[in-house]
Amino acid sequence: MASKFTKLLSPLMIGPLTLKNRVVMSALTRSRSVPTNVPNDINLEYYTQRARGGAGLIITEGTMICQQGTEWQNAPGIWNQDQIAAWKRITDAVHAEGGLIFCQLWHLGRVSHPDAPEQKASGMPVYGPSSIAARGGKFRFLPGRPGYVTPVAVDDPRVLIDLYRQAAVNAKEAGFDGVELHGANGYLVHQFLDSTSNKRTDAYGGSIANRARFGLEILKELVSIWGSKRVAVRLSPSGGYNDMGMPLQENVDTFQYFISQADDLDLGYICLVRYIPVFDPKIDGQHRATKHDVLKTYRPCIKKSAFFLNGGLTPDEADQLLAAKEIDAAAFGVLWISHPDLVKRIEHGIPIDAKLDPKTFYGGGPQIPYEEQKKGYTDYPAARL
């Protein structure tokens, strides 16, 4: 019996790449690269399962471009040769299953902690665009579970741009099919964009064009290495998470400018995260996000690049949006956690009903026995066809 999801299961051409369907696996931090930050055999199995499960494109979890003290102790990196070699095993495995995989390039900016072991080992301060702390955070592995601290305002942002460039070079060596710039969720690129976290008075702060400069210069560097159609960017215009968000009109003006400028680079795709309540924390008694219709507000800005939408989509809604030509692909996150065979289920009409265990979304740290790291990560079963 033919699947009813004809649009979702149709191929998509992006420059030299052909996605076999429009079911994308979104970046998902899972914190399983124990004991430190080098992808391991558990990560290899996890990504292989989801390539085998039919993903049209896999985006890796946020992958650090340099050593940083994140809230997730065992997030992977791509700044050294051990990591490059480990990722190469994963990209080879994904390709052997007929899949495609992009590396999401991640710098946390002001939401790392100076007392985290990885931050100490880096010998670097916690940088942000300005010396303004984000409200929130909980570093569960540090004494007292502290929150975010006031960062050091980076003197020359080009130093950080160079780190992104080198990470893109490393991702190429590791065999990825492209790179996605993490510009969402209150991390470094987002911090430069948002006027509540960026109070700079130089060329990287003040006006919308200046606040957008940091992210756009990174994208241009990535394009110079990869070619435009193998470069993408992820943005969350509604903000909220990690203390992000501007007054509505300023927010819309900022993101319409950035998205239009990014689209002019003829990227592979632009992925926008729509408003979802789970990323709208209450801070000082008020919800933090700038709630608005992300699809309606920014879709007209994207003319050259493919447009991916993320945030609480179901296969039914995604297929309808594709049929209406509102989106070019759907990026699913949580559904991929508990359904390693998500595309196979969509193809064959098998229920998407596996029960999630929120306690195992993230790894519990390097002290958890290796075999236990698999729980809620690689032990969700594929359906029997």
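Me: What covers the buried residues of α2?
Reply: This is a predicted model. In it, the cover over the buried residues of α2 includes α1 (41–52), β4 (57–59), β5 (63–64), β6 (101–106) and α4 (158–173).

Me: And which residues of α2 are buried?
Reply: Gln83, Ile84, Ala86, Trp87, Ile90, Thr91, Ala93 and Val94.

Me: How far apart are the end C-alpha atoms of α2, and what should its 16 residues span?
Reply: They sit 22 Å apart, and at 1.5 Å a residue the helix (residues 81–96) should span 22 Å, so the two agree.

Me: What happens at the start of α2?
Reply: A side-chain oxygen of Asn80 comes to within 3.2 Å of the backbone nitrogen of Asp82. After the helix comes Gly98, with a positive phi near 85°.

Me: Switching topic: at what angle do α6 and α7 pack?
Reply: About 35°, with the axes of α6 (residues 208–226) and α7 (residues 248–263) 10 Å apart. The crossing is right-handed.

Me: Which residues make that contact?
Reply: From α6 they include Ile208, Arg211 and Leu219, and from α7 they include Glu250, Thr254 and Phe258. The contact residues split into eight nonpolar, three polar and three charged.

Me: Is Arg211 buried or exposed?
Reply: Arg211 has a relative accessible area of 3%, which is under 20%, so this residue counts as buried.

Me: Which side chain does Arg211 have a polar contact with?
Reply: That of Thr254, at 3.4 Å. Leaving out residues up to four places away in sequence, Arg211 also touches others, including Phe192, Asp194, Tyr204, Met246 and Glu250.

Note on methods
Residues numbered from 1 in each chain as written. Predicted model: local features only at pLDDT ≥ 70, side-chain atom pairs only at ≥ 80, totals over all residues. Heavy atoms only, no water. Axes fitted to C-alpha atoms, helices over the stretch in contact; angles between N-to-C directions. Helix = DSSP H or I, 4+ residues; strand = E, 2+ residues; numbered from the N terminus. Left-handed = near helix turned anticlockwise from the far one by under 90°. Contact = heavy atoms within 4.5 Å. Nonpolar A, V, L, I, M, F, W, Y, C, P; charged D, E, K, R; others polar. Expected span 1.5 Å × (residues − 1). Buried < 20%, exposed > 50% of the residue type's maximum accessible area, 1.4 Å probe, protein only. Polar contact = N/O pair within 3.5 Å; in protein donor to acceptor, adjacent residues only side chain to side chain.
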